Amino acid sequence: MMTLGNFSLLIFGAFISGMIGFFFSVINQSLKERTEIGRIAKGFYIEIKDLNNTISPIVEDYVSSDWSVGSPYLIKSLFEKDQLIEGQPLYTDNGWYFAFQKDLVLFSPELIESTVLFYRKIVYANVLLEEYIKLQPAGQNWDRLSFIQDNFFESLEIACELAPHLLTEFNKYNKNQQAKQWITRNQQRVKQWIAVNILSIAEV
């Protein structure tokens with residue numbers, strides 16, 4: 001016959017087992033979330049790196065040429081030097097940013113702000129580029145072409161300045177070693193937690 005003490009011990013053991021199961025469930029959910037964050041961060045890292053590889057030579061040439069006033073045909077020269085490809089936009093609606101913009105909330109506020117500013121400048125430069133391509137053949141609106149060109153290079157300069165920091169920050173989220181360390185620490189905590197509760201059951 002089961003005594004009251006044995007019954008209490010059984011109930012307590014069931015409770016502990018349930019708590020352990022719940023704890024592991026929380027751990028697994030956290031791992032899934034971290035995996036997803038790492039995947040999104042990797043996507044941003046790759047895309048920003050590719051964009052930076054495109055805009056860095058453009059900005060470097062522009063800064064080194066020290067152009068401030070003059071012909072509004074610097075953008076045209078980018079196509080001649082194959083730094084830009086005709087018919088290929090700087091950025092499209094299918095980009096990683098538009099696909100995962102809402103998921104930026106998973107990152108730090110500072111990283112969100114820098115990322116949004118980077119992509120706003122890239123998108124704005126792309127809009128200006130499209131307008132320039134439409135206006136340039138006619139070559140009639142000199143003032144507008146000059147305005148477009150100035151803002152195009154200014155936008156790319158800002159984006160180029162932001163890129164190294166963004167690459168560093170997104171790469172932190174994408175490091176497997178950090179994930180492994182996090183998993184190891186939590187596994188150790190789980191083991192300690194189980195050991196403490198086993199001792200508690202034994203004392204009962």
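Arg144 and Glu131 join their side chains in a salt bridge, with 2.8 Å from N to O; the term stands for a side-chain nitrogen of Lys or Arg within 4 Å of a carboxyl oxygen of Asp or Glu. Arg144 belongs to helix α5 and Glu131 to helix α4 (residues 109–135), so this pair ties together parts that are 13 residues apart in sequence. Helices here are DSSP runs (H or I, at least four residues), as strands are (E, at least two), and they are numbered from the N terminus. Arg144 is partly exposed at 28% relative accessibility, and Glu131 is partly exposed too, with a relative accessible area of 24%. For these labels, buried means under 20% relative accessible area, exposed means over 50%, and partly exposed lies in between (1.4 Å probe, protein chains only).

A word on the model before we go on. This is a predicted model, in which local features need pLDDT of at least 70 and side-chain atom pairs count only at pLDDT 80 or more, while totals for chains, interfaces and linings use all residues. Residues are numbered from 1 along each chain as its sequence is written, and side-chain values use heavy atoms, with hydrogens and water left out.

## The chain as a whole

The chain has 6 helices and 0 strands, which gives the pattern α-α-α-α-α-α along the sequence. It has 204 residues, and 33% of them count as buried. Among contacts (heavy atoms within 4.5 Å) with a separation of 6 or more, 81% are between residues 24 or more positions apart.

## Salt bridges

The structure holds 5 salt bridges. Here are three of them, including the pair from the opening.

| Pair | N to O distance | Relative accessibility |
|---|---|---|
| Arg144 and Glu131 | 2.8 Å | Arg144 28%, Glu131 24% |
| Glu169 and Lys172 | 3.1 Å | Glu169 16%, Lys172 37% |
| Asp103 and Lys102 | 3.8 Å | Asp103 18%, Lys102 62% |

Glu169 and Lys172 are 3 residues apart in helix α5, so about one helical turn separates them. Within this pair, Glu169 counts as buried, whereas Lys172 is partly exposed. In the bridge between Asp103 and Lys102, Asp103 is buried and Lys102 is exposed.

## The nonpolar core

Which residues have the most contacts inside the largest nonpolar core? They are Phe44, Ile48, Phe118, Phe152, Leu156 and Phe170, in a core of 42 residues. Such a core is a set of buried Ala, Val, Leu, Ile, Met, Phe, Trp, Tyr and Cys residues joined through side-chain atoms within 4.5 Å. The elements that give two or more residues to this core are α1 (4–65), α2 (74–80), α3 (96–100), α4 and α5. Helix α5 gives the most, with 12 residues. Leaving aside residues up to four places away in sequence, Phe44 touches Trp96, Tyr97, Phe100, Leu104, Thr115, Tyr119 and Phe170.

## On the surface

Tyr124, Val127 and Phe147 form a nonpolar surface patch with about 260 Å² of accessible area together. Patches are made of residues with over 30% relative accessible area and no salt bridge; like charges are joined within 9 Å, and nonpolar side chains (Val, Leu, Ile, Met, Phe, Trp, Tyr) within 5 Å. Phe147 sits in helix α5 (residues 142–173) and is partly exposed, with a relative accessible area of 39%.

Glu130 is part of helix α4 and is partly exposed at 42% relative accessibility. Its C-alpha atom is 9.4 Å from that of Gly87, although Glu130 and Gly87 are 43 residues apart along the chain.

## Two loop residues

Gln136 lies in the loop between α4 and α5. Is Gln136 buried or exposed? At 17% relative accessibility, Gln136 counts as buried. Not counting residues up to four places away in sequence, Gln136 touches Tyr73, Lys76 and Leu145.

Asp82 is found in the loop between α2 and α3 and is exposed, with a relative accessible area of 63%. Most residues other than glycine have a negative phi. Asp82, which is not a glycine, has a positive phi of about 60 degrees.

Conventions
Accessible areas come from the Shrake-Rupley method with a 1.4 Å probe; for residues, only the protein chains shown count as cover.
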